[in-house]
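Hi,

Here is the model I promised to pass on. Have a look at it first, and my notes follow below.

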Amino acid sequence: MGEKTLEVYDITIIGAGPTGLFAAFYAAGMRGMKTKVLEALDVYGGQLTVLYPDKFIYDVAGFPKVLSKDLARQLYEQASAYKPEILFSEKVINLSRIDGGIIELTTDKGVHFSKTVLIAAGHGAFTPRKLGNPSVEMFENKGVYYFVKDKWEFKGKRIVIVGGGDSAVDWALNLKDIARETYLVHRRTEFRAHEGSVIELFHSPVKVLVPYEVKEARGNNRLEAVKVFNNKTGEEQEIECDAMILQLGHVVDVSLFKKWGLEMDGNAIKINGRCETNIPGVYAAGDIASQTDSVKLALLVTGFAQAAIAVNVAKNYIDPKSSYFPGHSSERRM
Ligand SMILES: Cc1cc2nc3c(=O)[nH]c(=O)nc-3n(C[C@H](O)[C@H](O)[C@H](O)COP(=O)(O)OP(=O)(O)OC[C@H]3O[C@@H](n4cnc5c(N)ncnc54)[C@H](O)[C@@H]3O)c2cc1C
């Protein structure tokens, strides 16, 4: 354990997704709090970076259109300007209150101490749902992918995308002009994806196979072909390809948070309008949070607002004389 980890921080944020990064800016920049961020992955941005880095987002206030990875980078820059300590590849596995109301966070690397904690953990650590087909799993990272980190990796390739949700359809549309050939394989005839995207898909050069499922992956050292079958007629087809991108959603594992003694609302941590959980000094915001007496909107804008509320409430918790209102950033010398 390094010396630094023994220091007691004012606030420790779990997760460097958009909510956690904005909270880090807010705590360090707007409220002058000694701030630490613990992120399980080796990158910042959460879903923005891992799930849809190359897609445009249209509903962030003030940005008519912003590329997901650009927004992640700007959030990181905005937070970093105020020098919070951001530690990557460090997953929080336990939270408990110790003497004097200090909160102890145990990670897979060490122990951290904080007066308050903001949980901005999204859906928990990312675990992509798999097909459960050993012939496919043996080509993981050798042609079989669960995330698209850099779309240019697929330039000129023949790709098969599997799934029927927004991620699958959006990646098919996004990669169709870069890839040499794009297939979309989905086990149902109906799609869960946005209706407009599905219409665009059927008018695009993407070869859509429904209701088809993956039977087998084939290749030597790398993936070379995928055998699919029609689950109504049994008809089989072999598609020669360089890559298969599985977009089957993510397994949500919130068992960790339940073990910490947090009151849950389904898969989310229950919070009140002040973003307080049932544990004093512990707050939650963004996708992981569910506010009683409100509507759950798993969107960036909701996470940003909750991050601001949680940080201001946390500031007042450790310094009851301080105002909840942080002042206007436009009137400060930041
Ligand atoms: C395909 C797709 C398109 C979308 N499009 C839009 C859109 O157009 N507009 C919009 O507003 N929203 C959109 N969203 C939703 C938006 O991305 C989420 O609402 C947002 O990412 C939530 O941010 P967050 O920081 O709360 O959680 P996340 O982005 O999930 O980040 C959570 C972070 O916490 C980390 N973490 C989890 N557990 C731990 C732990 N135990 N220890 C340490 N770190 C941990 C994770 O690794 C992750 O980095 C979209 C989502 C998807 C999947």
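β17 runs antiparallel to β18 (residues 268–271), and two bridges join them. Across that pair, Met 264 faces Ile 269 of β18.

A word on the ground rules. This is a predicted model, in which local features need pLDDT of at least 70 and side-chain atom pairs pLDDT 80 or more, while totals for chains, interfaces and linings use all residues. Residues are numbered from 1 along each chain as its sequence is written, and side-chain values use heavy atoms, without hydrogens and water.

Now the ligand. Around it are 33 residues, of which Glu 39, Gln 47, Tyr 52, Asp 59 and Asp 287 come nearest (near means a heavy atom within 4 Å). That shell divides into 17 nonpolar, ten polar and six charged residues, with Tyr counted as nonpolar and Gly as polar.

Polar contacts here are pairs of N or O atoms within 3.5 Å. A polar side-chain atom of Tyr 52 is 2.4 Å from a ligand oxygen. The side chain of Thr 19 has an N or O atom 2.9 Å from an oxygen of the ligand, and a polar backbone atom of Leu 300 is 2.9 Å from a ligand oxygen. The protein buries 90% of the 1,000 Å² that the ligand exposes when taken alone (Shrake-Rupley method, 1.4 Å probe).

Best wishes

Note on methods
Polar contact = N/O pair within 3.5 Å; in protein donor to acceptor, adjacent residues only side chain to side chain. Pairing = 2+ DSSP bridges. Helix = DSSP H or I, 4+ residues; strand = E, 2+ residues; numbered from the N terminus.
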